[in-house]
Amino acid sequence: MPLLFHSTNGQSPDVNLRDALLIGQAPDRGLYLPREFPKLTHHDLAGFAKLPYHAIAFEVLRRFTGGIIDDEALEELCRDAYAYAVPLEPVRGLDRVCVLRLDQGPTLSFKDFAARMMARLIGRFVRENGQTLTILTATSGDTGSAVASAFHGVEGIRAIVLFPLGEVSARQRKQMTTLRENIRTLAIDGKFDDCQALVRRAFADPALKRIPLSSANSINIGRLLPQSVYYFYAAARLAQPGEPIVFAVPSGNFGDMMGAIIAGQMGLPIKRLVVPVNGNDEFPRFLATGRYDKIEPSRACLSNAMNVGHPSNLARLVAVYGGQMDETGRINFAPDMAALRRDLFSTGVSDEQTRATIQQAWTDHELLLEPHGAVGWRGFLDYVPTEPLNGSPAVVLETAHPAKFPEEIEKILGFTPTVPPALAALDKLAEDYDRLAVNYAAFRDYLSERHAAG
Ligand SMILES: *Cc1c(COP(=O)(O)O)cnc(C)c1O
């Protein structure tokens with residue numbers, strides 16, 4: 001019997017993994033979560049210590065794919081998706097503290113981990129169904145490039161990526177706009193939230209029902225399940241089996257942190273989940289007060305992939321803690337705030353602090369961080385005095401490659417990070433993208449025209 005997924009809004013029928021991935025957002029505008037989390041035993045976790053990344057991915061994901069994909073096929077998908085390094089770098093001068101560099105995939109951000117697996121799963125389901133599917137995604141920077149790269153050339157898929165014209169760096173943009181073929185990029189004269197709102201409206205629009213649409217945003221559960229894997233991987237390498245570990249995860253839309261929550265629900269012992277944000281600090285304020293006020297419009301910060309004023313995955317976090325939040329951010333039942341405060345620590349990190357942290361990490365530990373990782377590191381430093389580590393292992397996630405932010409790092413540290421060849425090659429490629437104002441009717445016409453064009 002395949003595992004079932006339910007909607008956080010509670011008004012849609014349960015679905016299996018295939019449907020959850022293909023639909024993306026539930027018809028009642030809620031987000032899918034497993035009805036029950038599969039459990040891993042201490043014995044399973046102990047076994048991970050000797051396994052390479054792709055094998056841990058297989059062991060974790062097969063708990064979700066049973067009855068949908070056979071094990072051999074899944075193992076092959078994992079091998080193919082995760083053919084790059086996942087360095088766990090000890091921090092100089094600190095005992096059992098590591099930075100997990102999730103920046104070695106083809107687009108140099110952690111989003112490759114999820115996008116590559118999800119594209120392979122969706123590609124497989126689409127081939128089984130013989131349909132053509134349009135993947136619609138809004139990006140604040142790195143999602144778009146990871147999704148575009150992951151779906152590039154996948155048969156039966158057309159991907160349309162929306163990005164806020166003024167809020168992504170030139171390199172982030174070129175990673176999306178130079179691919180062509182089955183990938184279209186659409187620059188919106190607005191903010192990330194405008195892009196996300198256009199996409200959400202399209203999904204709910206009866207006039208677009210005839211176009212098979214799915215989402216590759218972290219509203220898709222297919223994005224979250226693969227993001228639980230690196231928490232198991234890091235723990236298996238740094239902690240004793242069963243030993244609680246601290247994770248610090250720089251957060252925007254809270255998909256990455258939901259990976260840790262899923263790992264925790266599956267049995268990974270987590271001492272504390274530190275989830276720092278940038279100037280978009282609606283979450284730490286919610287955690288402190290129990291009152292949720294989204295930030296509209298979201299604030300443009302240095303860590304641009306985290307400029308989210310209303311993280312869609314909060315609805316999932318609230319659901320895991322027994323509450324209910326709808327897609328507008330309204331809390332219909334309060335979650336267990338005491339449990340949330342016991343398990344999580346969050347803080348807002350300003351741009352000024354982010355820059356100072358890049359400097360400090362380099363001076364103190366020769367640790368090279370880019371703005372997102374610096375928010376994570378700063379949050380970790382703010383957390384430690386509140387609950388001394390006492391020898392517990394801790395892992396801070398670096399979610400992007402420093403070479404994606406050469407100007408900022410040059411300004412702060414006086415040198416530019418070495419650019420990986422794939423990124424350097426982009427500078428010579430020609431770009432191609434469409435442009436639209438924040439106007440839903442125009443966006444709907446655009447989708448209809450692209451669909452008609454085949
Ligand atoms: C997307 C992104 C984040 C934030 O991840 P969420 O899942 O949205 O919280 C952090 N860092 C980088 C580099 C990103 O691309």
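Which side chain meets Asp281 in a salt bridge? I looked this up before anything else. The partner is Arg299, and the N to O distance is 3.4 Å. I kept in mind that this is a predicted model.

**Entry: the Asp281 pair**

I checked where the two residues sit. Asp281 is in the loop between E10 and helix H12 (282-289), while Arg299 is in the loop between H12 and helix H13 (314-320). I then looked up the exposure of Arg299. Its relative accessibility is 41%, so I noted Arg299 as partly exposed.

**Entry: other salt bridges**

I asked how many salt bridges there are by this rule. The count comes to 26.

I picked out Arg35 and Asp14. Their side chains meet in a salt bridge at 2.6 Å, N to O. The two residues are 21 residues apart, and the pair links distant parts of the chain. Arg35 belongs to the loop between strand E2 (32-34) and helix H2 (42-47). Asp14 belongs to the loop between strand E1 (5-7) and helix H1 (17-23). I read a relative accessible area of 29% for Asp14, so Asp14 is partly exposed.

Next I took Arg444 and Asp205. This salt bridge has an N to O distance of 3.0 Å. Arg444 lies in helix H19 (residues 440-452). Asp205 lies in the loop between helix H8 (192-204) and strand E8 (213-215). The parts they tie together are 239 residues apart in sequence. Is Asp205 buried or exposed? I found 8% relative accessibility, and under 20% counts as buried, so Asp205 is buried. Arg444, at 29%, counts as partly exposed.

I also noted a network.

I traced an open sheet of 6 strands. The order is E3-E4-E14-E9-E10-E13, and the pairing is mixed. Which strands stand at the edges? I found strand E3 (88-90) and strand E13 (344-345) there. Each has a single partner strand, so one side of each is left without a neighbour in the sheet.

I followed E13 to its partner. Strand E10 (residues 270-274) runs parallel to E13, and 2 bridges join them. Leu273 has Leu344 in E13 as its bridge partner.

**Entry: strand E14**

I then turned to E14 and its two pairings. Strand E4 (residues 97-101) pairs with E14 in the parallel sense over 5 bridges. In that strand E14, Glu398 is the bridge partner of Arg101. Strand E9 (residues 245-248) also pairs with E14 in the parallel sense, over 3 bridges. Phe247 stands opposite Val395 in E14.

Why is E14 (residues 394-398) largely enclosed by the rest of the structure? I checked its residues, and 5 of the 5 are buried, so the strand is noted as largely enclosed.

**Entry: a charged patch**

Last, I went to the surface. Which residues gather in a patch of negative charge there? I listed Asp70, Asp71, Glu72, Glu75 and Glu76. I followed up one of them, Asp71. Asp71 lies in helix H4 (residues 71-81). With 31% relative accessibility, Asp71 counts as partly exposed.

How values were computed:
Residues numbered from 1 in each chain as written. Predicted model: local features only at pLDDT ≥ 70, side-chain atom pairs only at ≥ 80, totals over all residues. Heavy atoms only, no water. Patch = residues over 30% accessible without salt bridge, like charges linked within 9 Å, V, L, I, M, F, W, Y side chains within 5 Å. Areas by Shrake-Rupley, 256 points an atom, 1.4 Å probe, with all protein chains shown as cover. Salt bridge = Lys/Arg side-chain N within 4 Å of Asp/Glu carboxyl O. Lys, Arg positive; Asp, Glu negative; His and termini not counted. Charge placed at Lys NZ, Arg CZ, Asp CG, Glu CD. Helix = DSSP H or I, 4+ residues; strand = E, 2+ residues; numbered from the N terminus. Buried < 20%, exposed > 50% of the residue type's maximum accessible area, 1.4 Å probe, protein only. Pairing = 2+ DSSP bridges.
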